[in-house]
Amino acid sequence: MSLGRDRRLAAGLAIGVSLLTLVPFFVASRTTPPGWVFSGFMLNPYDGFSYLAKMRQGLEGNWQFVLPYTAQPGSPSFLFVYYLGLGHLARLGNLPLGKTFHAARVLGGTVMYLSIYGFLEHLALTRAARWSAFALVLGVSGFGWIGVSLGLAASDLLIPESIPWLSTLVNPHFPLAVAGLTLGFLAALSRGAVWRAGGLAAMAGLLLGMVQPFVLATLWCVLGTWAVVEQVLQW
């Protein structure tokens, strides 16, 4: 199979798996008992409602965030730009916030999976190894489910950021943060292609700056350590 066909297949799988994350929400909304209302969140609803609160401020036309759940909200700040932006998109498209949130989740998951596949293409892997790695990224969430019947909760069930599928299931910005990290590493691997590396690095920085700025420190630390090790090996 050619590289182009592999990429088209990877894109199809990225979109398909991201769309599959809608299934649990659809089932939950259809099976909600009478007298109850499905919140629209499967995991961590407390943070979920805070995302909707940020989006609502964007829906109201604001580009500065104010704490909505305090007696004294304080001064507006240029924070949580991504969710404010989603709120503006909902206003322009006359869309409900919940549907906008879940559409952004699917889009974020797709971008994450595509960036991971692009990263795998730059590694010294055989085609079989690359597809095996991508399959693990698409469909594996750890072995925490084994302990559920025993009353044990493993980290892969409690820390959604650690598993691509759960990241997409929880919110839009977790998968975009993973994509930003991946693009940062892709930029480091793009040796000899200055403009490509610069473009990827700019995209990574912009993406992480909007959705999860503190993750930039992780990227800098890892790439900085990598650069030091390579320099030492060259000596």
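Which side chain meets glutamate 121 in a salt bridge? Arginine 7 does, at 2.9 Å, N to O. By salt bridge I mean a side-chain nitrogen of Lys or Arg within 4 Å of a carboxyl oxygen of Asp or Glu.

A word on the source. This is a predicted model, where local features need pLDDT of at least 70, side-chain atom pairs count only at pLDDT 80 or more, and totals for chains, interfaces and linings use all residues. Residues are numbered from 1 along each chain as its sequence is written, and side-chain values use heavy atoms, with hydrogens and water left out.

Back to that pair. Glutamate 121 sits in helix α5 (residues 97-121) and arginine 7 in helix α1, 114 residues apart. Helices here are DSSP runs of H or I, at least four residues, numbered from the N terminus. Arginine 7 is partly exposed, at 44% relative accessible area. The scale: buried is under 20%, exposed is over 50%, partly exposed is in between, with a 1.4 Å probe and protein chains only.

How many salt bridges are there by this rule? The count is 3.

Now aspartate 6. Its salt bridge with arginine 127 has the closest N and O atoms 2.9 Å apart. Aspartate 6 is in helix α1 (residues 3-20) and arginine 127 in helix α6 (residues 127-139), so the pair ties together parts 121 residues apart in sequence. Aspartate 6 is buried, at 1%. Arginine 127 is partly exposed, at 38%.

Aspartate 6 also forms a salt bridge with arginine 130, at 3.0 Å between the closest N and O atoms. That pair ties together parts 124 residues apart. Both residues are buried.

Shared partners join Asp6, Arg127 and Arg130 into one network.

Terms used:
Helices (H or I, at least four residues) and strands (E, at least two) are DSSP runs, numbered from the N terminus.
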